[in-house]
Amino acid sequence: MDHLTKATLFGRIISVRGSLARVGVLAVNPMTPAEMRGTVGRFVSIRCAASTIIAMITEVSSENLNASDVHVASASVDLLGEISGPPDRPKFQRGVTTYPTIGDAVELISNTDLRTVYAPSGADQINVGTLQQDRSVTAYVDVEEMLSKHFAVLGSTGVGKSSGVSLLLNEILLVRPNLRMFLLDVHNEYGRCFGDRALVLNPRNLKLPFWLFNFEEIVDVLFAGRPGVPEELEILAEVIPIAKGVYTQYQNSDRIGLKRIDPKTIGYTVDTPVPYRLVDMISLIDERMGKLENRSSRIQYHKLLSRIDAVKNDPRYAFMFDNANVGGDTMAEVISHLFRLPANGKPMTIMQLAGFPAEVVDSVVSVLCRMAFDFGLWSDGASPLLFVCEEAHRYAAADRNIGFGPTRKAVSRIAKEGRKYGVYLGLVTQRPAELDATIISQCNTLFAMRLANDRDQALLRSAVSDAAANLLSFVPSLGTREVLAFGEGVALPTRLRFKEVPAHQLPRSEATISTVPSAAAGFDMNFVGAVLERWRGATSSRDVPNDPGFIERPMAPPQPRMVDAPMLQPSLGLDPDRFSLLKKPLR
């Protein structure tokens, strides 16, 4: 036995069964107590004839040992992979081709072996932190594997989940500067994390014309998230395709030599993404109502018209119904702006959802997911997009009675088929058990942070392989920024610690508001009045400036990019002078 093995010998193999082995831990050990801490979660090397097998300790016990036994304890290990090849160019691969035999030497893994296991295999690797077992070894994630097979970040509130997401996305942007990203920011906390590489959208500067919504989505908007009235849905299903035909006919009638055609024969469906004008739809409903003599039938038409009127005139819905009667096929403009084509130095879009009316958020998310997938589908994946869904359990709940069906369907389509069309999914959630199991099962790289709930832990156990399942016993006791990484993106199931995120990339929730009020703030009636002015301004249409770069024109060619409007929500972190901002109402 060479000197190295003598110096670091931990034990010997006493039994092997499938991917599991048991190690007899030797009493005679020249290592210092600090070196010989062979405890649960540590890696060990098993020296075989042709290769070195890497295994992880999952259990250590000294029960049922005889006093005369040469072993002071026995340990169970999971066999994870092996290092083979010439000594000057060792290579690690998952899986085991040669199993250990009884008596093979087991050592606590050396720094050299750890570096071989976690060595970056190409330029497409990002540095996310360091190993918990050895802080001198950098933990890398394979970007191609992580993106193309989707990923999820799971963890309870306050464990550093948001800063972990900021870290991952910023690192991905460094190695893939041209990859487009779309982030659904539910709590408006990421606005400052990506600097000038991100376009921040909110209700004040978003233009998402109502005709881009499909039938289910527009019904959800009109009925404020409640189930639609069948009679009214029937009327809508009849008039929307005709309104689309009327608009197309109106456009074509300006061209010489084109014959006027019956709008009913154009062949549009309720879901065809072509423009129509609200005024045309309303006049079609009016026309039908005028032909009715039965008073009770007319009530349905009246109700439908008043619903359309209420939503159209609500200033909170201006992002949908602005220029609703002007028309204009601005779909190319909208998609180009939303999904950064061309990127113009800003490959990322942050969609701040906190300012949208609660009743319409699900429909908006549904439209965005659906358009992201459809654009990938019809462009044959020519321009890859990463779609990151924060608080994913809100949009794709496991319980079919919760949430909005089309949103779940849209997220599910990206999860199941997106990779074929260059649309990748990143899920972030604090309640994985409430997330649709089909969707989370499609995420092949998981970053699990502290999870206290039993149901969440059970779901995680069912989502990872047997070899990694034993690691999950650490999940309730992980520290802040600590994470268990599983799956295709990492070399081995790994306990690592995310590196520190620079202050300017910290999400707002990480720079928490102190519970101690600022003494200099001067909270008086003027302060309260200024807050109320700002609050009311968000739900009224006074002096809201129109976005100069975005004017709807009939059949307009794509126009230059929209001017980035200032962020309405407090997403710029904690500015020490933030209270002085309240002296003037925010327009």
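The legends below describe close-up views of a sheet and the helices lying across it in a predicted model.

**View 1. An open sheet of 11 strands with mixed pairing.** The strands follow one another in the order β9-β8-β18-β17-β16-β10-β15-β14-β11-β13-β12. The edges of this sheet are formed by β9 and by β12, which spans residues 198-201, and each of these two strands pairs on one side only. From one strand to the next, the twist averages 25 degrees. In general, the strands of a sheet pair through backbone hydrogen bonds, and the pairing may be either parallel or antiparallel.

**View 2. The hairpin of β8 and β9.** Strand β8, residues 125-131, is paired with strand β9, residues 138-142, in the antiparallel sense over five bridges, and six residues lie between the two strands of the hairpin. Within this pairing, Asn127 has Tyr140 of β9 as its bridge partner.

**View 3. The parallel pair β11 and β13.** Strand β11 covers residues 180-185 and strand β13 covers residues 348-352, and the two run parallel, joined by five bridges. The bridge partner of Leu184 in β13 is Met351.

**View 4. Helices α4 and α12 across strands of the sheet.** Helix α4, residues 161-175, lies across β8, β10 (151-154), β11, β13, β14 (385-390), β15 (423-429), β16 (445-448) and β18 (494-498), and runs at about 140 degrees to β8. Helix α12, residues 405-417, lies across β14 and β15, and its direction makes an angle of about 120 degrees with β15.

Technical notes
Residues are numbered from 1 along each chain as its sequence is written. This is a predicted model: local features need pLDDT of at least 70, side-chain atom pairs count only at pLDDT 80 or more; totals for chains, interfaces and linings use all residues. Side-chain values use heavy atoms; hydrogens and water are left out. Two strands pair if DSSP finds at least two bridges between them. Helices (H or I, at least four residues) and strands (E, at least two) are DSSP runs, numbered from the N terminus. Axes are lines fitted to C-alpha atoms, for helices over the stretch in contact, and angles run from 0 to 180 degrees between N-to-C directions. Contact means heavy atoms within 4.5 Å.
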